[in-house]
Amino acid sequence: MTEVKVICASNELIAGNEPLKKFVDQQKGAHCSVLVNETQYVVVKVAKEADIEKVRATAGNIARDLASQKVEKAVVLEGTLETAFEHLTKETVYTAFAEGWDLGSYQFLTYKSKEESFQTTLEVEGKDVQSAVELGKIRAAATAFSRDLMNEVSDVLNPETYPDVLKKQYADTGIEVTVYRKKEIEEMGMNGVLTVCRGSKYSPSFVEMKYVGDTSKPLVALVGKGVTFDTGGISLKSGKDLSDMRMDMGGSAAVAGAMQLLAKTEAKVNVVALIPMVENTPDNTSVFPGEVITYKNGTTVQVGNTDAEGRLILADALIRAGELNAEYIVDIATLTGAVVNALGTEIGGVFGDEEQAFILKKVGDENGDFVWPMPLVEAYDKSLASDYADMNNISSLSYGGSITAALFLRRFVPKDSKWLHVDMAGMMSKSSNSGYYAKSATGYGARLLADYAVKISE
């Protein structure tokens, strides 16, 4: 089939044919396919109660179904989507549909020798919705870039090559990329980064990316954990398959995707992205449990567990955000398994400034990168005490791990900044294709961070 048409179930072709209408109504999903006069139609059911996420999911499912059938093009007939989702804003619906379509079609086949990527082309009728469709494609591309980074294998994407990937990606944008290598990191006093990467055959990097769409806007720092592979170091992780630990740089991927989205939409914001890049591996040069790191701000940290490395490198980035006088700071990381125990795999946790946390929640509710405000329990802060340093990188408690990790980070946040910490460990990947998510990396956080930066810059 070279082309199919996408219509609403209320279309006369369906509504005026009782047997066909009954067939469509009996289908369980939000859409189904029918064949009428040798033409294939994808019928979208009228959604009586649906949010914008349902639009994305429906589009993703349709796109994946048609791609599996090797359909070359799908044409959405004029009026279809605003009729199917009549209680939602027209432009928002078309943006979400295009976004969900492209993300639902996403594939990472770089290392599949016998498979080629195939995507059904989306064509939408109606001149008045083309800008909305284009916006959806831009948003999808930014999220797909985050997915690509997370899915890439660790011998290809590592602390030495990662900066070059970003420089190439942003070559024709308004993003200024500055790369600090090991010698410069030493000069900058980023001892957390240097310590965590000690056992790796790759030297660490620290990347700063600036996008200035409006100099009058407050400076927003987006900080992303860039651990390109995490074995746990000397505190070695257990498990049959650690291959997903190449995605421990998911926070940095979110930041990278957010920067692309801001630049491509020419957002009126003033943003700096900060990404510490390391690999955490065991070796005779690796940091040992019990060693002490002295940070640039004078704080000393006992390394109680080398698998709690993300917070050690984020501390350096938070200090750097303070040096740059960022008014708003959002760090994002695949930081703790504890947040998965608390919230599961459909939502991330956000800690920090309560007012900003609820703003971020509303942003996520709209764009699909869901977060839930979590508490910073002051009574738990003392659990980070160390007998021979200012603090330990792990808590003495057997519970509240995501909270104590956030409390650790808070100690490095500049006093005058509004700070949020997003723990995205549960949102790192999906185990199956569903909606606009493909199996494996989600690209979570790219839209969340970009939309938040725009929101607080309004």
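Helices (H or I, at least four residues) and strands (E, at least two) are DSSP runs that are numbered from the N terminus.

**View 1. The whole chain of this predicted model.** By that count the chain has 15 helices and 19 strands. Its radius of gyration (taken over C-alpha atoms) is 23 Å, close to the 23 Å that the globule rule gives for 458 residues, so the chain is as compact as a globular protein of that length; the rule itself is 2.2 Å times the number of residues to the power 0.38. Along the principal axes, the C-alpha atoms fill a box of roughly 80 × 50 × 45 Å. Buried residues, meaning those under 20% relative accessible area with a 1.4 Å probe and protein chains only (exposed is over 50%, partly exposed in between), make up 56% of the 458 residues.

**View 2. The largest nonpolar core, with Leu166 among its residues.** A nonpolar core is a set of buried Ala, Val, Leu, Ile, Met, Phe, Trp, Tyr and Cys residues joined through side-chain atoms within 4.5 Å, and the largest one here has 62 residues, of which Leu149, Leu166 and Met209 have the most contacts inside it. Helix H10 (residues 250-264) gives the most to this core, with nine residues. Leaving aside neighbours within four places in sequence, Leu166 is in contact (heavy atoms within 4.5 Å) with Phe145, Leu149, Val207, Met209, Ala256, Ile275 and Met277. Apart from this core lies another, of 47 residues, among them Met190, Ile293, Tyr295 and Leu318. In soluble globular proteins, nonpolar side chains tend to be buried together.

**View 3. An open sheet of three strands.** The strands are in the order E11-E12-E16, with mixed pairing, where two strands pair if DSSP finds at least two bridges between them. Strand E11 (292-294) and strand E16 (391-392) are the edge strands, each pairing on one side only. Strand E12 (residues 300-302) and E16 run parallel and are joined by two bridges, and Val301 stands opposite Met391 in E16.

**View 4. Helix H15 (residues 446-456), a mostly covered helix.** Eight of the 11 residues of H15 are buried, and these are Ala446, Arg447, Leu448, Leu449, Ala450, Tyr452, Ala453 and Ile456.

**Notes on the views.** Residues are numbered from 1 along each chain as its sequence is written, and side-chain values use heavy atoms, with hydrogens and water left out. Because the model is predicted, local features need pLDDT of at least 70 and side-chain atom pairs count only at pLDDT 80 or more, whereas totals for chains, interfaces and linings use all residues.
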